[in-house]
Amino acid sequence: MRVRTVMSTAVIGGWLGWVMVFAGCAKHADFMQTRDQLSIISKTQDQDHQRVDAVVRRLEAIERSKDSKDTDVTKSRFDDVTARIQKLESRLAKMEETVSQASARLDSSPELRAAKAVKSTPPVEAVVTASGITPTSAFNLAYNDYLNGKYELSIAGFQRFIKDFPGTSLTPNAQYWLGESYYNLKEYGRAIQTFEYLVAEYPGNEKMPAALYKLGLATAETGDLAKSRKNLKRVLEEFPSSDESKLAKHKLAELR
């Protein structure tokens with residue numbers, strides 16, 4: 001799962017690119033200082049992105065092993081990773097506020113106003129909804145509902161995310177966890193539709209082996225064993241080194 005920050009690096013880059021085009025006009029010291037501040041924040045956010053990605057991958061690994069006999073150890077690891085994610089989210093929220101303030105200063109600077117008068121194309125804006133919620137925040141809200149077993153809420157959250165942020169890097173992940181939410185509610189028909197859409201629209205995504213495996217399970221639940229075997233075999237053939245490959249092999253043995 002690749003979690004991105006509240007304001008993406010591309011957004012910061014858009015602002016910096018705008019500033020660089022008209023650097024010749026930027027004589028004011030505060031203007032240059034703000035630009036440098038945004039550059040530093042961008043680098044810091046990249047580091048936090050990597051930390052969030054690593055933590056979320058650990059959460060997913062714990063989720064896959066939730067049936068482990070050593071439940072006390074698993075719960076302890078889960079609580080520890082959840083706390084780390086909350087800490088990182090808090091830090092990113094503070095960075096968002098800093099970026100907003102710095103961007104506001106840039107927008108109000110005489111140099112940037114002069115630049116806008118020359119070039120009509122506006123700078124890249126952050127992807128947010130009308131209510132101000134960002135892709136990262138929206139995804140995490142729905143994902144936390146899923147982790148807590150509130151599948152009706154996670155379905156609503158992921159559906160809303162897909163509607164509000166259809167083109168982000170988190171969209172395939174939202175599609176996958178939407179399917180997982182349906183599956184856990186035993187709404188296998190909807191789970192199948194959701195996983196099939198993910199497989200068709202995002203063939204190169206990291207969620208492909210998991211989506212194909214869950215398609216195998218969901219179709220088996222509906223009694224379509226031929227389709228179940230087909231999807232499970234795809235996991236073995238296309239993703240032989242994945243974690244799902246071992247699970248698919250075991251499930252195929254059960255279906256024989």
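**Entry 1: Asp164 and Arg160**

I began with Asp164, which is partly exposed at a relative accessible area of 26%. The model I am reading is a predicted one. I then looked for the partner of the Asp164 side chain and found Arg160, the two meeting in a salt bridge at 3.0 Å, N to O. Both residues lie in helix H6, four residues apart, about one turn of the helix. I noted Arg160 as partly exposed as well, with a relative accessible area of 48%; that value stays within the class because exposed requires over 50%.

**Entry 2: Ser154**

I stayed in helix H6, which spans residues 151-164 and contains Ser154. Is Ser154 buried or exposed? I recorded a relative accessible area of 0%, so Ser154 is buried. I next listed what Ser154 touches, leaving aside residues up to four places away in sequence: Ala142, Asp145, Tyr146 and Ser181.

**Entry 3: Glu196 and Lys227**

I counted the salt bridges of the structure and noted six. One of them joins Glu196 to Lys227, with the closest N and O atoms 2.6 Å apart. This pair links distant parts of the chain, since Glu196 sits in helix H8 (residues 188-201) and Lys227 in helix H10 (residues 225-238), 31 residues apart. I looked up the accessibility of each partner. Glu196 is partly exposed at a relative accessible area of 30%, and Lys227 is partly exposed at 32%.

**Entry 4: Glu238 and Arg234**

How far apart are Glu238 and Arg234 along helix H10? They are separated by about one helical turn, because they stand four residues apart in that helix.

**Entry 5: Confidence**

The mean pLDDT of the protein is 74, and 49% of its residues reach 70 or more. Over residues 1-28 the pLDDT is below 50, although the model gives this stretch 79 contacts beyond near neighbours in sequence. I found a further stretch, residues 111-126, where pLDDT stays under 50 and the model has 29 contacts beyond four places in sequence.

Methods: Residues are numbered from 1 along each chain as its sequence is written. This is a predicted model: local features need pLDDT of at least 70, side-chain atom pairs count only at pLDDT 80 or more; totals for chains, interfaces and linings use all residues. Side-chain values use heavy atoms; hydrogens and water are left out. Helices (H or I, at least four residues) and strands (E, at least two) are DSSP runs, numbered from the N terminus. Buried means under 20% relative accessible area, exposed over 50%, partly exposed in between (1.4 Å probe, protein chains only). Contact means heavy atoms within 4.5 Å. pLDDT is the predictor's confidence in each residue, from 0 to 100. A salt bridge is a side-chain nitrogen of Lys or Arg within 4 Å of a carboxyl oxygen of Asp or Glu.
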